[in-house]
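Hi everyone, thanks for making time. I'd like to walk you through one protein model today, so please have a look at the screen.

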Amino acid sequence: KDNYTSMIYFSSNIFLSKDQLKYGEEKNEFAMQVYPFFENQSCGKIILSSYDRNAFKVFLRDLFNVHLIQASCVIALILFFYFLFLFMSRRFKEIKYLFFSLMCLFYAISYIDFFASFDSANDNILLKTSKIGFVFAVMFLTFFIMEYSKMFKSVRFKKILLFLILSIVFT
């Protein structure tokens, strides 16, 4: 393509007309321009095949890669609002709903580099945000599991464990 994208998670099917291809003993040469700055991902696999055969492969790769992650982020955002509303409707007493809603929010943030990747997006900021979001998603998942399962009934032991988890997460 003619535009610059540093993080390429999606596939594309590029049509080469018969006029551009050489047949017989002449060799076809394809050139690919690689930009030297801000590259986060390696160059993907390039397959030369018929347009129809590649179109289905591109569809499957994007479906089980980018589109599935985008759909899970949308569902996570819906669950975030639902469980946040549940937490507020319970008069802020059941903290497990807050932990689960925050876990869903930070899950969506942890995949923001897939979810919000487009041509003019700042790739470095998206990548840093997703790494921070993953840490918080794991942290709130741990808090949710501890609160939901009621594993640790001792308040003192629970506070010590929470302190250890926070110290591990933020180091």
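Let me start with a term: buried means under 20% relative accessible area, exposed means over 50%, and partly exposed lies in between, with a 1.4 Å probe and protein chains only. This is a predicted model, where local features need pLDDT of at least 70, side-chain atom pairs count only at pLDDT 80 or more, and totals for chains, interfaces and linings use all residues. Residues are numbered from 1 along each chain as its sequence is written, and side-chain values use heavy atoms, with hydrogens and water left out.

Now the overall picture. The protein has 5 helices and 0 strands; helices here are DSSP runs of H or I with at least four residues, strands are runs of E with at least two, and numbering goes from the N terminus. Of the 171 residues, 25% are buried.

What about the inside? A nonpolar core is a set of buried Ala, Val, Leu, Ile, Met, Phe, Trp, Tyr and Cys residues joined through side-chain atoms within 4.5 Å. The largest one has 26 residues, and Phe100, Cys104, Met139, Phe140, Phe143 and Ile165 touch the most other members. At least two residues of this core come from each of α1, α2 (95-110), α4 (123-149) and α5 (155-169), with α2 giving the largest share, 9 residues. Take Phe140: leaving aside residues up to four places away in sequence, Phe140 is in contact (heavy atoms within 4.5 Å) with Phe99, Leu102, Met103 and Phe106.

The structure holds 0 disulfides, a disulfide being a pair of cysteine sulfur atoms within 2.5 Å.

On to charges. How many salt bridges are there in the whole structure? The search finds 3, taking a salt bridge as a side-chain nitrogen of Lys or Arg within 4 Å of a carboxyl oxygen of Asp or Glu. Arg90, Glu94 and Lys96 are linked in a network: Glu94 meets Arg90 at 3.2 Å, N to O, and Lys96 at 3.7 Å. Lys96 is partly exposed, at 21% relative accessible area, as are Glu94 at 25% and Arg90 at 40%. Elsewhere, Lys150 pairs with Glu147, their closest N and O atoms being 4.0 Å apart, and Glu147 counts as buried at 19%.

That's my tour; I'm happy to take questions.
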